[in-house]
Amino acid sequence: MINILDTIMQGLLLGGLYALFATGLSLAFGIMRFVNIAHGDFIVLGAFASLALIQWLPMHPLLTLLIVLPALAVMGYWAQRLVYNRTLGRDIMPPLLVTFGLSVMLQNGLLEMFSGDSRRLDAGDLTTASIDLGGGLAIGVFPLITLVIAIALLAGLQYLFSRTAIGRALRATSDDPEIVQLMAVDSRKVYGVAMAIASATVGLAGVILGMTKAFDPLLGPPQLLFAFEAVIIGGLGSLWGTLAGGMVLGVAQAVGFRFDPGWGILFGHLAFMAILLVKPQGLFPKTRD
Amino acid sequence: MTTAAFVVERSTPAARAGLNTGLALIIAGASLPLWAGNDTMITLVEFFYFLALAQMWNLLAGYGGLISIGQQAFVGLGAYSLVVMAVFGGVNPFIAVPLAGIVAGVVAWPSARILFRLQGPYFAIGSWVLAEILRLVFSNYSALGGGSGISITESVSAIDEWWRDALSYWLALAVGAGSMTAVYLLLRSKQGLALTAVRDSETASESIGVSVGRIKLQVYLASAIGTGIIGALIFLTKLRVSPEAAFSMEWSALIIFIVIIGGVGTIEGPLVGTILYFVLRNFLADYGSWYMILLGAIAVIAMLFMRKGIWGWFAQRFDVQLFPLQRRLTIADDKAPSGQPSDTQKHD
């Protein structure tokens, strides 16, 4: 019994990390119908950026967020303005294959700069501490913090979209990128801003990933798949659905790991396929397209 | 003024020349094991399987509009079908290769039922999930070697070495030339017309009675079967199958780069792309990661600025087609200045 409870709890906490991975992907699709195949590689890039900063000037990984987040946001803005905007249109092939090319380039670029060794962002006691809940049940402090960060991020984005001027511009552009031009909104710039926000969340996800587990340059694709599965399980375009999707994925993986360490990821993928089979719209489909 | 008679023509001089050259090359190519060295044969085997893989992906993505980044699923399935049939079932490996296509098709069918629920870009990532599932299943299946893989050497060791190399080569030649012929014949058939119609507009083709769902399923299955056969052939020449190598992402990366650079949605494109890939690899293979970065960069630039790739640009600039798929309307009246491009109208 205690084992079952423990597994589910680990899974739910893992869901926080996956929701963090998925937020940027979900945002870019929600606003621009843009799917970034290099999403996972940008997460890993965030982790390596943090690592490079620490190597240059030893500091706590969380402090590197002050530089990594703005840096990735600026990069995302210009990637959107200079590259991704050129690919948007009726044909889905250019955005997919351009970002696929970027994904391979990023992986090999990181390999060239940092070698294939596994790295970790050392955060001292923070990542090893746990809270004893009694009865042999304990939860890690850092996974809990991750979940809280994910919830705070989603709440913050919810606020941004519903209450602020930039949020209105983002929603309006998502509804009709041509009509908003009549209201003096430049949809190309709005797309840039949307990608900047999405990329900042990617940076956050990267630093948290680096503190949670070991990473290497080729770890991007699995993170893309986890993010993608969380988005689809939760239901396209639903921010809170993404959190639920991440948790379903996390629990499925935790259950798999409990049976056999080699089955964790596999169980996650199979759960995704099963949900696709019985509920193709995801758990919390958004009725408005 | 005389009334000009219109003739619908399909074949062009370039196409006839291309067909003759192609046939001559295949015949010359078939005799290669008799006189060429081992290195040449190994390189050509690789050339043929990359050509065939590219042709299969092009059929799926360029014509079927199903952009998959998980075709390594079927490369790996083909490889493991070969292992099961040849190592455990005692089937002659050269017979197991075509049979591997059936296994790939059998797995592809139910997979399609699930993956087709994902739209456009999400289908792409979904296809990748399928490949990962298969990789993880075989990594965990210790009877087939688990994560460290399994050797198929014992199943081919009974065959004389010269015959083994020659048979592998002929099989590769057949797969390479066969994939081009199969795609060409498919596109000229009724299904091919429906397929190009679906590529151009799903709504319009649905309205004239094309079953879009069915045609996409057929293309997906055809591509999976072809890729499975190629996968078995690849690992027949590599002699060792491991989940990491068989279900490697690099298969998809290379195939996609080849097709994008050569020209997506044309039969000639994969051929041009494969040739270019081998030339580049020859010069740059020593540079490791930089070589993949360069290949990726060329593909990104092609997708941004030359969407139809090298062959697409070339065909448009010089109005050449080696594999005639278009019907051209020409004025046949000998008084009319025939043969000028202005009299010719192209229809895909």
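The following legends describe close-up views of a predicted model.

**View 1. The largest nonpolar core of the predicted model.** This core comprises 189 residues. The residues with the most contacts inside it are A194(A), Y49(B), L82(B) and L233(B). Helix α8 of chain A, residues 187-212, gives the most to this core, contributing 15 residues.

**View 2. Surroundings of L233(B).** Leaving aside residues up to four places away in sequence, L233(B) touches Y49(B), V97(B), L171(B), A172(B) and V175(B). Both L233(B) and its partner Y49(B) are listed among the residues with the most contacts inside the largest nonpolar core.

**View 3. Helix α15 of chain B and its packing partners.** Helix α15(B) spans residues 289-305 and has 17 residues. From its first C-alpha to its last, α15(B) reaches 24 Å, close to the 24 Å expected at 1.5 Å a residue. The buried residues in α15(B) are M292(B), I293(B), L295(B), G296(B), A299(B), V300(B), A302(B) and M303(B). These buried residues pack against α4 (93-114) of chain A, and also against α13 (249-262), α14 (268-284) and α16 (309-318) of chain B.

**View 4. Contact of helices α4 and α6 of chain B.** The axes of α4(B), residues 72-88, and α6(B), residues 120-140, come within 8 Å and cross at roughly 30 degrees. Because angles under 35 degrees count as roughly parallel, α4(B) is roughly parallel to α6(B). On the α4(B) side, Q72(B), A73(B), G76(B), L77(B) and Y80(B) take part, meeting L130(B), A131(B), L134(B), R135(B) and F138(B) of α6(B). By class, this contact has seven nonpolar, two polar and one charged residues.

**View 5. Contact of helices α3 and α13 of chain B.** Helix α3(B), residues 38-63, packs with α13(B) at an angle of about 75 degrees, and their axes are 9 Å apart. Because angles of 65 to 115 degrees count as roughly perpendicular, α3(B) is roughly perpendicular to α13(B). In α3(B), the residues F50(B), L53(B), A54(B), W57(B), N58(B) and G62(B) meet I255(B), I256(B), I258(B) and V259(B) in α13(B). The residues of this contact divide into eight nonpolar, two polar and no charged.

**View 6. The side of chain B that touches chain A.** Here 32 residues of chain B are in contact with 34 residues of chain A. On the chain B side, α6, α13 and α15 each supply at least two residues. Helix α6(B) provides the largest share, with 13 residues. By class, the chain B side divides into 24 nonpolar, five polar and three charged residues.

Terms used. Residues are numbered from 1 along each chain as its sequence is written. Chains are lettered from A and ligands numbered from 1 in the order in which they are written. This is a predicted model: local features need pLDDT of at least 70, side-chain atom pairs count only at pLDDT 80 or more; totals for chains, interfaces and linings use all residues. A nonpolar core is a set of buried Ala, Val, Leu, Ile, Met, Phe, Trp, Tyr and Cys residues joined through C-beta atoms within 7 Å. A residue is buried if 20 or more other C-beta atoms lie within 10 Å of its own, exposed if 12 or fewer, and partly exposed in between; C-beta atoms are placed from the backbone. Helices (H or I, at least four residues) and strands (E, at least two) are DSSP runs, numbered from the N terminus. Two residues are in contact if their C-beta atoms, placed from the backbone, lie within 7 Å. The expected span of a helix is 1.5 Å times one less than its number of residues. Axes are lines fitted to C-alpha atoms, for helices over the stretch in contact, and angles run from 0 to 180 degrees between N-to-C directions. Angles under 35 degrees count as roughly parallel, over 145 as roughly antiparallel, 65 to 115 as roughly perpendicular and the rest as oblique. Ala, Val, Leu, Ile, Met, Phe, Trp, Tyr, Cys and Pro count as nonpolar, Asp, Glu, Lys and Arg as charged, and the others, Gly among them, as polar.
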